[in-house]
Amino acid sequence: MSKPILVIKFGTASITHQNGELDESIVAAVARQVATLHAEYNMVLVSSGAVAAGKKYLPQYSGTISERKAAAAIGNPLLLNKYAQYFQPYNIAIAQSLCERRHFSNRSQFLQLKKTYEELWANNIIPVANENDVVSDLELKFSDNDELATLIAVGFGASGLLFSTSVGGVLDKEGKVVPQIELIDEAIFALADTRKSSLGLGGMVSKLTFARLATRMGIRVVIFGIHTTDGIINALAGTTGTLCLPQECSMPARKKWLASGSLVTGRLQVDAGAQKALEKRHSLLAVGVKAILEKFTRGEVIEIVNEQHEAIAVARAKVSSDVLAGNKKAQNVEIAHADDIVLL
């Protein structure tokens, strides 16, 4: 695509009032600002708010899984209709994109999703993405829409990822916005308020977690306040919110997908020698495996942890855990080829 890709995520707390009603003034402001950027970027809006919009129609709503699914079924068309209403004056059409985890864990489905988005962009249409809560399996859900936005940004090679919040950005201990973060480490996580909105699933810890992944993949991330005047435009310009600087990343697209979008199904623990070999970009051999922590089949994506149980890599397995169990000391049994291993 000729234009850079920009992904903007709006959480439930960002676009609703405290009572859960959609804040139409925010949606109108989003449409106005996005319209000014539309000619410069291929854009994806990742918007929560469907459950909040629909739950008022369920008088006995208490937040059970089935009730959340029902509320999402009601709220999804309501939410999309509001976006369509406020984009219409700018002659911008939008499209609904309800995503499930398998759309990212299965590479062929991921590539189909990407091709669909490219078709929409070619026709100047903006996709509005959300998790498909109506059918998503609890075991395969996104942790929240911060993750969905990050998977889209990383998988599609976005240049920028914006996370909106109900505050001004990442706040320091005095409550002031931190203007720039070079590296998201434990000291930065210590600044995050661990409380979540009563309306949403995420929080600042979630945003920092996925901002760290995105910046590692070379994406510029800004966490900004939705109530800031021209917040989207100014966040993109780097004059408001918290800018998280991208790190250098020469990883090819397939490995970026493997590191971010694939669904981990198994876990292995390796010894120090195997860890050093992986760090030198070598393949993983059975002899370096200390323990099978979670079973897996051939072709599935596994997480590799070191002796301290720290995740150090993900990989696509060449053999199943059952085959590995019978060949753990065999010198030449390759568990994952170097080309299918991504260091974390």
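**Entry 1: His38 and helix H2**

I started with His38, which sits in the loop between helix H2 (24–37) and strand E2. I note that this is a predicted model, where local features need pLDDT of at least 70, side-chain atom pairs count only at pLDDT 80 or more, and totals for chains, interfaces and linings use all residues. Residues are numbered from 1 along each chain as its sequence is written, and side-chain values use heavy atoms, with hydrogens and water left out.

Is His38 buried or exposed? I find His38 buried, at a relative accessible area of 12%; buried means under 20% relative accessible area, exposed over 50%, partly exposed in between, with a 1.4 Å probe and protein chains only. Leaving aside residues up to four places away in sequence, His38 touches Lys3, Met43, Ile92, Asn124 and Ile126 (contact means heavy atoms within 4.5 Å).

Next I looked at H2 itself. Helices (H or I, at least four residues) and strands (E, at least two) are DSSP runs, numbered from the N terminus. H2 has 14 residues and spans 20 Å from first C-alpha to last, close to the expected 20 Å at 1.5 Å a residue; the expected span is 1.5 Å times one less than the number of residues. Its buried residues include Ile26, Val27, Val30 and Leu37. What do the buried residues of H2 pack against? I listed E1, helix H1 (12–15), E2, helix H4 (65–87), E4 and helix H10 (231–237).

**Entry 2: the open sheet**

I then traced the sheet: eight strands, open, mixed pairing, in the order E3-E4-E2-E1-E5-E7-E8-E6. Strands count as paired if DSSP finds at least two bridges between them. E3 (94–99) and E6 (180–181) are the edge strands with a single partner each, so one side of each has no neighbour in the sheet. E6 pairs with E8 (residues 242–244) in the parallel sense over two bridges, and Gln180 stands opposite Leu243 in E8.

Helix H9 (residues 204–216) packs on this sheet, touching E1, E5, E7 (220–225) and E8, with its direction at about 175° to that of E5. Helix H7 (residues 145–156) lies across E1 (5–10), E2 (42–47), E3, E4 (126–131) and E5 (160–165), and runs at about 180° to E1. For these angles, axes are lines fitted to C-alpha atoms, for helices over the stretch in contact, and angles run from 0 to 180 degrees between N-to-C directions.

**Entry 3: a hairpin**

I moved on to E12 (residues 301–305) and E13 (residues 311–316), which run antiparallel and are joined by five bridges. Val301 stands opposite Arg316 in E13. The two strands form a hairpin with five residues between them, and His309 in the turn has a positive phi of about 65°. E13 also pairs with E15 (residues 341–343), antiparallel over three bridges.

**Entry 4: aromatic rings**

How many aromatic pairs are there? I count four aromatic pairs, taking rings of Phe, Tyr and Trp (its six-membered ring) as paired if their centres lie within 6.5 Å; planes under 30 degrees apart count as stacked, over 60 as edge-to-face and the rest as tilted. Phe110 and Phe156 make a tilted pair, 5.7 Å centre to centre with 40° between the planes. Phe110 is in helix H6 (residues 107–122) and Phe156 in helix H7, 46 residues apart. Tyr117 and Phe156 have ring centres 5.2 Å apart and planes at 80°, so I logged that pair as edge-to-face. Ring pairs link Phe110, Tyr117, Trp121 and Phe156 into a cluster.
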